[in-house]
Amino acid sequence: MTAHVTDTRDANPRGGGHRPAQLASLVQRIVQTEIQRGLSDPRMRGLVTVIGVDVAPDLEDACVRVSVLPAEFGPLSVKALSHAAAHLRRTVLKESRVRHAPRLRFVLDDSLKRAA
């Protein structure tokens, strides 16, 4: 008789064992890096910063909050990010060890503007 050892990451095939907060941190880091590398979309203008990522408890969806300065470039930059969401999701899969990356939804976060 052989003993089987189960890796706890295998218990949740959708998240690879990552809790939402861990996955959010991972997504935030990878998306910010990709933005800094540059997306080939002329709508991406200004300084775009990922403020935070909120991942749903089922790990299926993630809301990526971004800040864009100057503010007038915000709506177009969010449209560009939304257009690049599938590419960014594939990048999260490729650069991490998760089996399933959440769907990315981008929203404009003006909390930095309000704080200033």
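The model discussed here is predicted.

Q: How are helix 1 and helix 3 oriented to each other?
A: The axes of helix 1 (residues 20-37) and helix 3 (residues 85-95) come within 10 Å. They cross at roughly 120°. Helix 1 and helix 3 are therefore oblique.

Q: How many residues of the contact of helix 1 with helix 3 are nonpolar?
A: Helix 1 contributes Val27, Ile30, Val31, Glu34 and Arg37. Helix 3 contributes His87, Leu88, Thr91, Val92 and Glu95. Of these residues, 3 are charged, 2 are polar, and the nonpolar ones number 5.

Q: How many residues apart in sequence are the parts tied together by Glu95 and Arg37?
A: Glu95 and Arg37 form a salt bridge, with their closest N and O atoms 3.5 Å apart. Glu95 lies in helix 3 and Arg37 in helix 1, so the pair links parts whose separation in sequence is 58 residues.

Q: Is Arg37 buried or exposed?
A: Exposed means over 50% relative accessible area. Arg37 has 56% relative accessibility, so Arg37 counts as exposed.

Q: Which strand holds the partner of Glu60, Arg103?
A: Glu60 forms a salt bridge with Arg103, the closest N and O atoms being 3.7 Å apart. Glu60 lies in the loop between strand 1 (47-55) and strand 2 (61-69), whereas Arg103 lies in strand 3.

Q: Is Asp109 buried or exposed?
A: Asp109 forms a salt bridge with Arg65, their closest N and O atoms being 3.2 Å apart. Buried means under 20% relative accessible area. At 11%, Asp109 therefore counts as buried.

Methods. Residues are numbered from 1 along each chain as its sequence is written. This is a predicted model: local features need pLDDT of at least 70, side-chain atom pairs count only at pLDDT 80 or more; totals for chains, interfaces and linings use all residues. Side-chain values use heavy atoms; hydrogens and water are left out. Axes are lines fitted to C-alpha atoms, for helices over the stretch in contact, and angles run from 0 to 180 degrees between N-to-C directions. Helices (H or I, at least four residues) and strands (E, at least two) are DSSP runs, numbered from the N terminus. Angles under 35 degrees count as roughly parallel, over 145 as roughly antiparallel, 65 to 115 as roughly perpendicular and the rest as oblique. Contact means heavy atoms within 4.5 Å. Ala, Val, Leu, Ile, Met, Phe, Trp, Tyr, Cys and Pro count as nonpolar, Asp, Glu, Lys and Arg as charged, and the others, Gly among them, as polar. A salt bridge is a side-chain nitrogen of Lys or Arg within 4 Å of a carboxyl oxygen of Asp or Glu. Buried means under 20% relative accessible area, exposed over 50%, partly exposed in between (1.4 Å probe, protein chains only).
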